[in-house]
Amino acid sequence: EAARQAVDRARAGTGPTLLELLTYRYHGHHTFELKARLRYRDQAEVDAWRARDPLDIQSARVPAEAREHIDGEVDVLLDEAVRFALASPGPDPDGVLDHLYATGMRTRAGVSHA
């Protein structure tokens with residue numbers, strides 16, 4: 001009911017709504033966790049979260065042919081993005097501190113960005 005009210009409010013343009021969304025990470029924070037085979041969650045927990053995965057639930061509502069078409073379009077966009085990234089020049093070390101949310105940062109003497 002709260003979700004429906006939030007959607008109605010957004011559609012009516014009556015102001016902002018704060019949404020708190022719970023997420024679940026199926027994999028670890030870092031590849032080391034896979035290499036070290038760290039297991040801090042049991043399979044039943046992961047399976048319970050997968051059963052309510054909104055991406056799977058919503059994609060099941062889209063006909064298979066439409067999903068294939070959408071997936072194909074996404075694959076093309078991703079391929080183009082990868083090609084663009086690989087063909088682009090590397091970042092300029094002199095700009096390493098640009099766009100930080102801090103002011104007045106100074107590099108320590110003797111530290112090279114190269």
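Residues are numbered from 1 along each chain as its sequence is written. In this predicted model, local features need pLDDT of at least 70 and side-chain atom pairs count only at pLDDT 80 or more, while totals for chains, interfaces and linings use all residues; side-chain values use heavy atoms, with hydrogens and water left out.

**Exercise 1.** Describe the largest pocket by volume, lining and class.

*Solution.* 
1. A pocket is an open set of points on a 1 Å grid over the protein atoms alone, where a 1.4 Å probe fits, with protein on both sides within 12 Å along at least five of seven lines.
2. Take the volume, the space filled by probe spheres set on the points. The largest pocket holds about 300 Å³.
3. List the lining residues (an atom within 4 Å of a point). They are Ala2, Ala3, Ala6, Val7, Leu19, Leu21, Leu22, Pro54 and Gln58.
4. Assign elements. Helices are DSSP runs (H or I, at least four residues), numbered from the N terminus. α1 (2-12) and α4 (54-59) each give two or more residues to this lining. α1 has the largest share, 4 residues.
5. Sort by class. Ala, Val, Leu, Ile, Met, Phe, Trp, Tyr, Cys and Pro count as nonpolar, Asp, Glu, Lys and Arg as charged, and the others, Gly among them, as polar. The lining has 8 nonpolar, 1 polar and no charged residues.
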